[in-house]
Amino acid sequence: LPAASGLVEMGAHWIHGPSPGNPVFRLATRYGLLGPEAAREENQQAEVGGHPPLPTAIYGSSGRTLSPQAVSKAHDLFNTLLASTRAFLGAKEPPAPSVGQYLRAEIVRRVPTLGGGEEEAWRLQLAVLAACLKLECCISGTHSMDLVALEPFGEYVSLPGLDCTFPGGYSSLPDRMLSALPEGVLLLNKAVKTIWWRGSFHEEGDDGARDFPIRVECEDGDAFLADHVIVTVPLGFLKERHQDFFQPPLPERKAEAIHRLGFGTNNKIFLEFERPFWEPHQQLIQVVWEDESPLEEPSADLEANWFKKLVGFVILQPPEQHGHVLCGFIAGKESEYMETLSDAEVLGTMTRVLRMLTGNPRLPAPRGVLRSRWHSAPYTRGSYSYVAVGSSGDDIDVLAQPLPEDPEDPRPLQLLFAGEATHRTFYSTTHGALLSGWREAERLNQLFEAPSPA
């Protein structure tokens, strides 16, 4: 933000599950990049299942603040139902194809007991459940939980620990890691156009030299010859471009895995204020649209209703570092529509929404807006992966398999694949991405260390 004193994270925000099992946490600790809170033993042992308990203000769309007691029953029910999805891992016949359909069916079964027989309380519980589903869409990076497969959903692993941030920004970690590399080995802003593999390529005009199976051709016309390439592009890019990005094209099995797996959008909207309208101790603002229900189809009119997909705002802490900044989260088609609007339109809509939620028509407008646009970004086309209906964890493993497929090939491991979408239990996370990179580097280490056949 132009006027903000601090930094904001456009991409990864938290270390999810900062505990010894998380390689991002281990590196951050080793480099001394975390605050004293994160290092505390009890923080590392907290089991929060990906939903950290934070001091929260809950605003209803009628302009009233909802008490934690009023929403706790629905929250508890939702968390219980969500936890119960893990039971279907490996089930031959799960009760529904998607997480969304299963949750809705379970909510329908319990509808009579919601709200204790009182109409208004009953409607509010349903509205809170609808809000919980939207938050889950952000966590899964999907438009709807109806797109997320139920049976493999329990394969995702949440690490223990209270999610924490980097005081110096997430980039402080890669910066430290890069500082160990020799000068000039890293080329940035060098877009790759095509990866030719299974070939026989020579340096220009040097026919006597050995040939290489791979030629990496860049958008600017430069080319690099290689024996091995580790491809870490996002699944969203692969979905759109794999047919022309790899020559020859990828084998059918891998192309199908790319097609079947899910990849969606979760965006952030940062709003900076002159002064806060929230309490100093608050860390989260939740939004409940009181007329919504998980049992009704949401409106398909994105222009009129895109902002209703907003789940709420994280309050960036501490204000001494960040200024008075809210970070809103919004997923799915509504999030992608938001990317097409101007800053002024987003700022105007957010101002209107916050005035409505707080019941204060004179609430000062934010003085600045900044948002991510992960769907429009040509090399990402979204945020992160999920296991979609019709796919399974096996597709993640197929995506991770190096090429050529024949282990006896005289030129093994030409194309290796890493990135969050190639980690079967930690997909969608930075630690999953990091582990997948280490996995492929280790594959090459093993190859180089293997005794060559006599």
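Reply: Happy to! Let's begin with F153, which has 14% relative accessibility and therefore counts as buried, the cut-off being under 20%. Please keep in mind that this is a predicted model. F153 is found in the loop between helix 6 (119-140) and helix 7 (172-178). Which residues is F153 in contact with, leaving aside its neighbours within four places in sequence? They are L82, T85, V99, S140, M145, V148 and Y427. For a sense of distance, F153 and D291 are 138 residues apart in sequence, and their C-alpha atoms are 29 Å apart in space.

Now to the aromatic rings. A pair of aromatic rings is described by the distance of the centres and the angle of the planes. The count of aromatic pairs comes to 13. One of them joins F166 and Y170: the ring centres are 4.7 Å apart and the planes stand at 50 degrees, so this pair is tilted. F166 counts as buried because its relative accessibility is 4%, and Y170, at 9%, counts as buried too.

Another pair is F237 with F245, where the centres are 4.9 Å apart and the planes are at 85 degrees, so the pair is edge-to-face. Both F237 and F245 are buried. These two also belong to one aromatic cluster, which is formed by F237, F245, F246, Y379 and F417.

R30 brings us to helix 1, which covers residues 23-30. Two packed helices are described by the angle between their axes and the distance between the axes. The axes of helix 1 and helix 15 (residues 430-449) come within 8 Å and cross at roughly 90 degrees. Angles of 65 to 115 degrees count as roughly perpendicular, and that is therefore how helix 1 and helix 15 lie to each other. Which residues meet there? From helix 1 they are P23, V24, R26 and L27, and from helix 15 they are T430, H431, L434, L435 and W438. By class, this contact has six nonpolar residues, two polar ones and one charged one.

Definitions and conventions: Residues are numbered from 1 along each chain as its sequence is written. This is a predicted model: local features need pLDDT of at least 70, side-chain atom pairs count only at pLDDT 80 or more; totals for chains, interfaces and linings use all residues. Side-chain values use heavy atoms; hydrogens and water are left out. Axes are lines fitted to C-alpha atoms, for helices over the stretch in contact, and angles run from 0 to 180 degrees between N-to-C directions. Helices (H or I, at least four residues) and strands (E, at least two) are DSSP runs, numbered from the N terminus. Angles under 35 degrees count as roughly parallel, over 145 as roughly antiparallel, 65 to 115 as roughly perpendicular and the rest as oblique. Contact means heavy atoms within 4.5 Å. Ala, Val, Leu, Ile, Met, Phe, Trp, Tyr, Cys and Pro count as nonpolar, Asp, Glu, Lys and Arg as charged, and the others, Gly among them, as polar. Rings of Phe, Tyr and Trp (its six-membered ring) pair if their centres lie within 6.5 Å; planes under 30 degrees apart count as stacked, over 60 as edge-to-face and the rest as tilted. Buried means under 20% relative accessible area, exposed over 50%, partly exposed in between (1.4 Å probe, protein chains only).
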